[in-house]
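Biologist: Hello! Could you take me through this model and tell me where the words you use come from?

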Amino acid sequence: MPEPVINVKDISKHYKVPVREAGLKAAARSLFKRTYNIVKAVDQISFTIEPGEVVGFLGPNGAGKTTTLKMLSGLLFPTAGAPDVLGFQPSRRQPDFLRQITLVMGNRSQMAWDLPALDSFELQRAIYGVPRPDFEKTRDEFIELLEVKELVKKPVRNLSLGERMKMEIIGALLHRPKVLFLDEPTIGLDVTMQRRIRQFIAEYNQKYGATVLLTSHYMADVEALCKRVIVIHNGKLLFDGDLSVMKDRFSAFKTIGVTLANGFSMFSQYGEVLNQEAGHVTLRIPREKTPEVTARILAEQQVDDLTVEDPPIEDIIEKVFNLKSAEGDVK
Amino acid sequence: MRTIKLAWNYLRIGIANELQYRVNFFIQLLQSFIALATGLISLWLVFSHTTQLGGWNQPELLAVMGVFIMMGGVIQSAIQPNMQRLMDEIQDGTLDYALTKPVDGQVLISIREFRFWQTTDIVVGMVVLVVAVLQMQMSIGIWQALAFAVALLLGGVMIYAFWLMLTTTAFWLIRIWELVNLFQGLYAAGRWPVTIYPAWLRLGLTFLVPVAFAVTVPAQALTNRLTPVTLVEAFGLAVLLLALSRFIWRLGVHGYSGASA
Amino acid sequence: MKHYLGYYLSNMRIAILGQIQYRAQNYFYMVGTILEPTVYLVVWSTIANSQGGSVGGYTTGALAAYYIVWTLVRQMNVVFTPYGWEGRIQRGQLSGELLRPVHPIHSDISYFAGWKFVQIFLWLPLGAVLALIFKPVLHPTWFQVVAFFFAIWGAFLVRTMLYASLGMISFWTTRVGAIFELVFALELILGGRLVPMTLMPDWVQHVAAVFPFQWTFYFPINTLVGNPGVSEILSGLGMQVLWIAIGIVFVNIIWHFGIRRFSSVGN
């Protein structure tokens with residue numbers, strides 16, 4: 001059984017945040033006396049990740065996902081716990097460790113602004129010490145996969161946001177890292193570009209067996225790439241397991257879409273009507289009733305088309321939080 | 001060493017980038033001349049009221065100005081751009097990229113940027129220096145020239161170390177534009193030989209901010225004022241400042257990793 | 001009118017609250033600005049001492065007075081730099097400002113005006129230390145002191161208009177750095193920033209009369225440390241008002257045309 005590539009036990013990250021009120025008097029007072037709050041950005045999280053896994057970290061803003069990622073890449077020292085990545089302690093930042101990882105932060109570029117991406121790639125090569133033949137092979141392979149042959153010659157500032165992201169990704173993977181830390185990589189991109197980037201990451205994972213940790217707001221990212229998800233909320237780990245298990249366990253509902261041949265009926269008798277327009281109704285019904293309700297609709301209505309779907313993941317996540325919050329340890 | 005190759009890469013790319021913007025060269029030249037004119041006017045004004053300042057006569061002060069401009073060119077082309085970028089990156093969180101690279105962080109952030117057109121000041125400074133030496137009508141021996149070069153190098157190292165320490169405080173103080181202003185003010189004091197300043201200021205300009213060693217000492221080498229003791233002191237201080245800046249850098253990165261989100 | 005007053009007071013309050021939090025940075029900035037006149041003072045005191053105690057009519061005590069008051073006047077005449085305007089215009093940050101019913105220059109003036117209070121407050125101990133070290137000599141009359149108060153605010157406004165006009169050149173060109181540096185150099189020489197104007201040769205003083213620079217440095221400083229007569233002070237204040245008026249006209253004209261260009265080019 002292969003060694004886990006990432007092993008994390010009870011890591012925490014606490015911050016002291018100064019507290020300041022509004023107004024002249026409070027500002028003057030703060031000259032002499034400072035008060036602090038302790039914020040638990042990450043609170044005793046544990047998990048292990050096997051080589052080659054693609055894991056999605058889900059959670060609302062400020063949940064602690066990025067903080068966790070930064071602790072694993074060596075950017076932050078945990079307040080408690082000692083993560084193990086590739087057999088190294090990340091915060092020691094040993095060159096051998098750093099050569100095997102990569103960090104991509106959506107919205108934060110590391111490409112030189114005024115230069116063509118090709119120049120930035122050269123710099124990456126020099127920094128990571130990639131032998132030239134390997135470098136050129138990898139670079140050309142990625143350029144072809146992402147279809148940016150002409151774009152790599154243009155100054156980065158002249159590229160669109162999506163094109164720039166492609167350059168970022170290529171640049172980040174030129175040294176064929178074994179572990180990828182991707183923090184909101186598709187943020188701000190249009191749907192086509194998001195899909196393209198996801199595809200590329202999936203291919204990289206397939207071909208090189210790299211381990212990918214991804215944080216994202218976009219459920220589509222997670223659904224497309226990750227078999228396993230870790231849900232973090234208020235610094236605590238709420239769920240760690242297969243995405244489908246999470247969907248199964250926490251989605252108590254199904255969504256039924258009915259396209260009518262003619263006529264308009266009262267659909268509220270079947271379930272909760274989410275949306276009703278000319279010729280099309282969307283219903284939400286409890287899961288266990290799906291066979292019964294669909295049978296009834298098909299029998300009693302003039303149906304052209306009927307679909308049964310899982311509710312959107314955002315709803316499922318809400319369910320996870322609400323359920324876990326009810327279990328009582330979240331403020 | 002790989003670091004040297006890396007530095008060469010950055011240099012090459014920096015120059016190639018700047019060469020694209022030839023207009024910047026003329027603008028830079030214009031600015032250098034404006035600064036030179038201002039300096040010369042200052043000097044001329046002083047000498048319209050006196051014949052010597054603190055024991056330095058006119059060509060000697062011109063020499064000081066030449067070194068001042070040259071060193072300024074070195075700072076503007078190689079030191080300041082890197083420190084500015086470090087400051088910016090600390091503020092927008094892109095420093096994370098530099099810290100996850102398998103290259104020593106301090107080395108990386110010190111060699112990334114090079115403003116080629118700012119080297120006009122180095123040339124202007126050298127021209128002024130040559131004019132000053134000619135006006136002084138003395139011959140410069142090989143030892144003097146060597147001492148000058150060594151003093152210049154040590155001065156540059158000290159300025160780098162000092163600037164790095166200053167910029168590293170951005171880890172704690174967030175907005176440090178004003179610190180930059182402070183440095184520029186202190187550096188401007190180096191336009192005159194520090195021997196004219198009152199003792200407390202001279203001390204500050206020597207040990208707190210090594211302007212004295214960056215400008216006055218090389219000028220002293222050229223004008224026969226330099227003692228071997230001073231050169232040894234320069235070496236010692238350079239080593240000390242380099243070690244101190246390394247220590248403070250590591251402190252800064254440690255704090256950054258411990259206290260940011 | 002009352003609407004503007006309310007806006008000014010509110011923005012000044014925000015400036016004070018904000019800048020109090022950045023006292024370390026303010027101090028560093030201030031110490032940086034104090035270094036410049038310290039250098040000038042030391043140089044000219046050295047000259048004075050080597051010539052029996054005075055140069056061009058200024059004793060070392062008078063020089064000390066000039067340059068220490070210089071530091072206070074400097075705090076007062078710090079304004080939004082033309083480089084700041086360049087940044088605003090090039091980076092399209094004006095778009096937000098344009099949507100407000102108040103001209104952006106009011107935002108600058110009111111913010112900086114509020115900031116001045118924090119700066120003056122922070123300057124006082126520094127000024128005291130400088131006085132202890134350099135022992136200034138000055139005997140202003142009450143009239144001079146009162147006039148000084150008006151002169152420093154006049155200097156603030158003259159300089160604001162001057163650098164706003166200069167900065168707005170960025171509407172038309174990106175190559176403004178050299179122009180800015182040229183103007184700064186002129187201010188240094190012709191404004192009494194480098195040395196008191198009376199230490200300059202006569203012809204320089206005549207040239208300087210055409211420019212607004214000496215009303216931002218030399219005039220306010222001299223009002224407090226020199227021996228100007230009442231009429232000289234009053235005509236000086238009048239000149240400040242004149243330059244402010246000229247500045248307002250320029251700012252309005254340049255803004256009008258600049259905004260047309262800005263909106264058409266888009267950003």
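Modeller: Happy to! Let me start with the domains: the C-alpha centres of domain 1 of chain A and domain 2 of chain A lie 41 Å apart. Domain 1 covers 44–247 and domain 2 covers 252–309, with bounds from an automatic or database domain assignment. Please remember that this is a predicted model, where local features need pLDDT of at least 70, side-chain atom pairs count only at pLDDT 80 or more, and totals for chains, interfaces and linings use all residues. Residues are numbered from 1 along each chain as its sequence is written, while chains are lettered from A and ligands numbered from 1 in the order in which they are written.

Biologist: What makes up chain A in terms of helices and strands?

Modeller: Chain A holds eleven helices and 13 strands. Both are DSSP runs, numbered from the N terminus: helices are H or I with at least four residues, strands are E with at least two. The C-alpha trace of chain A spans about 70 × 60 × 55 Å along its principal axes.

Biologist: Why is A:Val273 called partly exposed?

Modeller: A residue is buried if 20 or more other C-beta atoms lie within 10 Å of its own, exposed if 12 or fewer, and partly exposed in between, with C-beta atoms placed from the backbone. A:Val273 has 14 other C-beta atoms within 10 Å, so A:Val273 is partly exposed. You will find A:Val273 in strand S11 (residues 272–277) of chain A.

Biologist: Which residues does A:Val273 touch, not counting residues up to four places away in sequence?

Modeller: They are A:Phe267, A:Ser268, A:Val281 and A:Leu283. Contact here needs the C-beta atoms of two residues, placed from the backbone, to lie within 7 Å.

Biologist: What makes you say that strand S5 of chain A is mostly covered?

Modeller: Five of the five residues in S5(A), residues 101–105, are buried. On one side these are A:Ile101, A:Leu103 and A:Met105, and on the other A:Thr102 and A:Val104, so by the burial cut-off both faces are covered. In a regular strand the side chains alternate between the two faces of the sheet.

Biologist: How do you know that S5(A) pairs with strand S6 of chain A?

Modeller: Two strands pair if DSSP finds at least two bridges between them. Five bridges join S5(A) to S6(A), residues 179–183, so they count as paired, and they run parallel.

Biologist: Why are S2 and S4 of chain A called edge strands?

Modeller: Three strands form an open, antiparallel sheet in the order S2-S1-S4 in chain A. Strand S2 (35–49) and strand S4 (84–85) each pair on one side only. Between S1(A), residues 6–19, and S2(A) there are eleven antiparallel bridges, and A:Asn7 has A:Thr48 as its bridge partner in S2(A).

Biologist: How do you know that the length of helix H2 of chain C is close to what is expected?

Modeller: The expected span is 1.5 Å times one less than the number of residues. H2(C), residues 23–50, has 28 residues and reaches 40 Å from its first C-alpha to its last, close to the expected 40 Å. H2(C) is also mostly covered, with 21 of its 28 residues buried. After H2(C) comes C:Gly52, with a positive phi near 90°.
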